[in-house]
Each structure stands twice: as C-alpha cells, then as structure tokens.
Amino acid sequence: MKRLFSYTLLAIIALFVSSCSVDNGTKDQKVLNTNVSTLSKHNVKLEKKIVVAVIDTGVDVDHNDIKEHLWVSRDGKTNGWNFVDNNNVLTDNVGHGTHIAGIIASSSSNVSLMVLKYYDSRSSSHKNAFDNSLKALRFAIDNKADVINYSGGGTGASIEEFELLKEAESKGIIIVSAAGNDSSDIDLNPYYPASYKLSNIVTVASLDSKGKLSQESNYGHNTVDIAAPGEDVLSSLPGNRHGYLTGTSQATAYITSMIVSMKTLNPKLSCNQIKQNLITYAENNHKLVVKLALNSATKSL
C-alpha cells in the first residue's frame with residue numbers, strides 16, 4: 001500500500017527570513033556537543049564522523065553553515081542523491097531540508113550529512129515522493145549511514161518501508177522520525193514511519209517555548225519517545241540565509257544532533273542504549289527535552 005503523504009511537515013511555513021547568524025540552541029542543548037569539543041581540544045582522536053542521512057527536500061550544499069559538514073561518496077562526486085530528478089544536483093527549492101540540515105550541523109561538530117532529496121514541490125515528479133523515500137532509505141542503508149533523519153511521513157503503512165527499516169534495525173542504524181503535525185494521538189491514528197514498532201525508531205514530538213507540547217504536534221503515550229523544541233526554530237535557508245520554521249521536523253533534527261554527540265562519544269551504543277540515554281538526559285534537563293507521558297484524553301505535560 002502506498003502511503004498517503006501528509007505534507008504538513010513541509011508546509012508549516014511561518015517563515016521569517018533573517019540575515020542574523022544561526023542560533024546554536026539553548027545552553028542545555030550544547031552540553032553533549034561541548035563534551036565532544038573538549039575531547040578535540042585535548043587531542044583525543046575521534047574515531048570517525050557520524051554519518052547522518054537527511055531524507056528531505058534537498059540541501060543548499062554551498063551554505064556557510066553546512067558546506068563543511070557534507071558526506072562525500074567514495075568516488076568523490078556527490079554529497080548524496082536527488083531521487084526526484086535522478087541526479088546528484090541537491091538543490092533545495094522548498095527550504096525545509098536546508099533548515100533541518102542546519103540544525104543538525106550547527107549543534108554537532110562531528111557530523112557528516114548525506115543529502116537524500118525525495119521531494120520537490122516544483123517538480124512534476126513530486127507525486128512519486130513515497131517511492132523516492134524508499135529509494136533514499138535503500139541508499140542510506142547501502143552507504144552505511146549511522147543515523148537517518150526522517151522529518152516527514154504520513155498515514156498508511158507500507159510493507160516495503162517496514163522491511164527497509166527493519167534491515168536498518170539489524171545493522172544498528174537509528175531512525176529519528178517526526179511524530180507529525182496533525183494534533184493527533186498516533187497511538188490511535190498511526191503516522192508512519194514514526195508508528196512502526198521497531199527498536200531503532202526514535203519518534204519525536206514538538207515542544208513550544210514554555211516546554212509544553214506544541215499545539216500542532218502529534219502525541220501518543222505508547223508511540224512517541226521524546227519531545228524537543230520545535231517552535232520558531234532559527235536555522236539555515238537556501239541562499240546563505242536564515243529564518244524560522246516550526247514543526248516536529250525541527251524537533252526531530254534536535255534529537256538527531258544529540259544522537260550524533262552520543263555516538264561520537266561512544267560509537268558502540270546500541271539503539272536501545274541510545275533511547276535510554278535520551279530519556280535519562282531528558283529527565284535531568286527538562287528545558288531541553290521532556291519524556292512524554294500523554295494519553296488520548298489530555299495533551300498537557
């Protein structure tokens with residue numbers, strides 16, 4: 001069954017373009033990355049860059065915030081792949097992918113971004129977005145991504161997608177997935193890939209500036225693992241610009257950056273260990289992320 005995509009993740013565009021520098025996050029958000037920086041200052045050799053596959057709308061690979069953090073293929077010819085046009089031109093005509101990549105790059109000094117473009121609103125091929133997302137997952141797995149940031153999704157499960165994610169699980173690849181922006185309990189109304197019951201999927205909801213669940217964020221006591229800031233997040237935009245976007249997409253990118261820092265400090269962490277570390281860290285740093293304890297009757301944290 002092909003998924004009916006919900007493009008609300010790509011369309012929550014309360015966009016305010018700014019010429020200011022990127023906000024690297026709150027003090028709490030810098031804790032793990034500071035640990036990585038401290039190791040570097042003491043000449044402790046980090047084993048390798050953590051490769052994050054960003055399945056999204058493409059990325060401005062020339063952006064000052066991003067260009068030093070790009071994955072490069074073995075042949076040195078590409079930083080990922082454009083599955084919309086089937087080439088290595090990764091131009092972001094939407095802005096969403098660049099925004100997500102900017103959050104991950106600015107929060108994690110040891111990240112290598114594998115850009116996988118599956119959607120472009122300007123292309124006549126955008127209706128093939130779901131098939132493109134499957135190809136992007138295949139590419140990420142085959143090219144040994146450590147983490148996959150999937151700030152998208154929709155209703156309707158897919159056997160093909162589930163099998164790819166299960167293969168990723170068997171190889172220890174973490175999938176950080178947005179819970180969605182429909183103000184819905186996804187325990188009752190599943191949203192995929194966030195709702196697949198796999199140990200390697202970390203499902204992320206969005207918090208507002210007061211640390212409460214964002215009004216538009218999906219939720220679910222049994223499905224959502226964690227929440228992070230997702231409202232009016234300042235990050236990169238195409239053309240070396242910056243601006244604010246809102247949604248579980250942005251919250252997902254924050255959690256991805258935390259996982260990068262964790263895997264940098266201990267590359268051998270399993271998916272379950274990473275999930276437990278996130279929850280423990282959340283419980284001790286409520287300003288950053290809050291473990292969700294929600295049910296269908298209430299959305300108050």
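Me: How many aromatic pairs does the count come to?
Reply: Good place to start! This is a predicted model, where local features need pLDDT of at least 70, side-chain atom pairs count only at pLDDT 80 or more, and totals for chains, interfaces and linings use all residues. Residues are numbered from 1 along each chain as its sequence is written, and side-chain values use heavy atoms, leaving out hydrogens and water. Rings of Phe, Tyr and Trp (its six-membered ring) pair if their centres lie within 6.5 Å; planes under 30 degrees apart count as stacked, over 60 as edge-to-face and the rest as tilted. By this rule, the number of aromatic pairs is 6.

Me: Which residue forms an edge-to-face aromatic pair with Trp71?
Reply: The two ring centres are 6.0 Å apart, with 80 degrees between the planes. Trp71 sits in the loop between β3 (50–56) and β4 (80–82), and its partner, 68 residues apart from it, lies in helix α4 (residues 129–142). That partner is Phe139.

Me: Are Tyr118 and Tyr150 buried or exposed?
Reply: These two form an edge-to-face pair, 6.2 Å centre to centre with 70 degrees between the planes. Buried means under 20% relative accessible area, exposed over 50%, and partly exposed in between (1.4 Å probe, protein chains only). By that rule, both Tyr118 and Tyr150 are buried.

Methods:
Helix = DSSP H or I, 4+ residues; strand = E, 2+ residues; numbered from the N terminus.
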